[in-house]
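Student: Please take a close look at one part of this structure with me. I would like to go through its salt bridges, pair by pair.

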Amino acid sequence: MNIGQHLTLPNSVTLKNRIVKSAMSEALADEYNNPTQAQIDLFAQWSKGGAALLITGNTPVDRMHLEHAGNFVLDPSSDMKRVSALAAAGKSGGAKILAQLAHAGRQTPEAINAHPTSISDVQLDLPGYGKPTPASEAEFEEIIAKFVRSARLAQEAGFDGVEVHAAHGYLLSSALSPRINTRTDRWGGALENRARLAIEVVRAVRKAVDPGFIVAVKLNSSDFQKGGFDHADSVQVAVMLEAEGVDFIEISGGNFEEPTAYQHASKSGSTQIREAYFLDYAAAINDALNIPLMVTGGFRSSNVMNDAIASGKTDLIGMGRPFIADPAFATKLLNGEIAKAPAVEQDFPPAETLPRGAVLNWFCAQIALAGQTGAPDLAMSVVDGHESYLNQIKLATDRLLITRRK
Ligand SMILES: Cc1cc2nc3c(=O)[nH]c(=O)nc-3n(C[C@H](O)[C@H](O)[C@H](O)COP(=O)(O)O)c2cc1C
């Protein structure tokens, strides 16, 4: 077994190999949260790059709960011509494409929504995020209905499926965490209650779409926070999700407060982070499942990927940042031209010497460049990329707020 082998999902859809582009928020939508040509062009580049499957950046099901301005939204106001063009671009080079459906919950920036709906009133411990309002029983029903509505729109637009985002501290992920979810009703307390929102969303989405439409879920292996959603919980939730008919589960970890998903091992740093940092957690989850598992985070060397597949720890290899540095690296890795995916972050200064979020923001700035000009600028310094992205988001937020007032 290796990365070049195809994989047939439970719904009978076959992926041509084991490499998946994981979701990366492109921040390239316009002020109406519709995909732009730059975003469409980027997916056309990725599609011909050799990966079997592309997952869009998080796509809010509710425009009052964006991760940031520039997210493309799937709701009845979406420009379906543009959304269909995005899906077609994702498939144009032979890949399949999923829309990652998300509700940012308490991780919605204050500028977008000062009091976002969340699982509780526990506020994000970072500047720029307001005090959330706990969802009412009726709001939970609305949220589930919005996921269904977006999944149907994704199907109508020509996507091959959706990935429900239940990782990284967004609403569904925060509901799983006993640290954030302080409810005492049927949505809080025991794991079965904390998982209710994710399970009900997935159940309703699965029921609403065609059997051949892929329904996947991104789940944390752990939040890596004291008193948070932990590994034992994660194994159990994965089993619950399998029973709902999901086609695969993607494993990641962390949230905005604990950004474990974006670790980077700097050559100049003293701490060495090993490749594929969630793989050992994932192995225990995979042991408990019959459906395929995808692990994302830090994979770079083809021998590490092949070993992970051959040893049965994972079925699919998710990667993010390498697709920004070289959209065609997957073909090269699959045909043996290169033994390692690009790992530009290894040449960066250690994260603790940089402003918070700088490395991630550098990659976000490169996504914008790759979409707008056809290529990233890998020579740009981390701090310049960071600042350029902060400006980009500020402008996008200003434009969004002006549009909202119209
Ligand atoms: C610029 C950028 C944006 C990201 N946006 C998302 C997102 O919208 N949804 C998500 O689930 N993960 C997101 N991620 C996380 C990636 O999917 C992936 O889990 C992470 O980058 C680790 O994989 P890597 O080491 O191969 O980059 C993002 C990562 C980057 C670098």
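Tutor: What follows describes the salt bridges of this predicted model. The structure holds 15 salt bridges, and a few of them are taken up here.

One of them joins the side chains of D62 and K146, with N to O at 3.3 Å. D62 sits in the loop between β4 (53–60) and α2 (80–91), while K146 belongs to helix α3 (residues 137–157). The two are 84 residues apart, and the pair links distant parts of the chain. D62 counts as buried because its relative accessibility is 11%, and buried means under 20%. K146 has a relative accessibility of 22%, so K146 counts as partly exposed.

A second salt bridge brings together the side chains of E257 and R106, at 3.4 Å from N to O. E257 lies in the loop between β10 (248–252) and α8 (279–287), and R106 in the loop between β5 (96–102) and β6 (117–118), so this pair ties together parts that are 151 residues apart in sequence. Both E257 and R106 are buried.

A further salt bridge connects K332 and D326, whose closest N and O atoms are 2.7 Å apart. K332 is partly exposed because its relative accessible area is 25%. D326, at 18% relative accessibility, counts as buried.

Definitions and conventions:
Residues numbered from 1 in each chain as written. Predicted model: local features only at pLDDT ≥ 70, side-chain atom pairs only at ≥ 80, totals over all residues. Heavy atoms only, no water. Salt bridge = Lys/Arg side-chain N within 4 Å of Asp/Glu carboxyl O. Helix = DSSP H or I, 4+ residues; strand = E, 2+ residues; numbered from the N terminus. Buried < 20%, exposed > 50% of the residue type's maximum accessible area, 1.4 Å probe, protein only.
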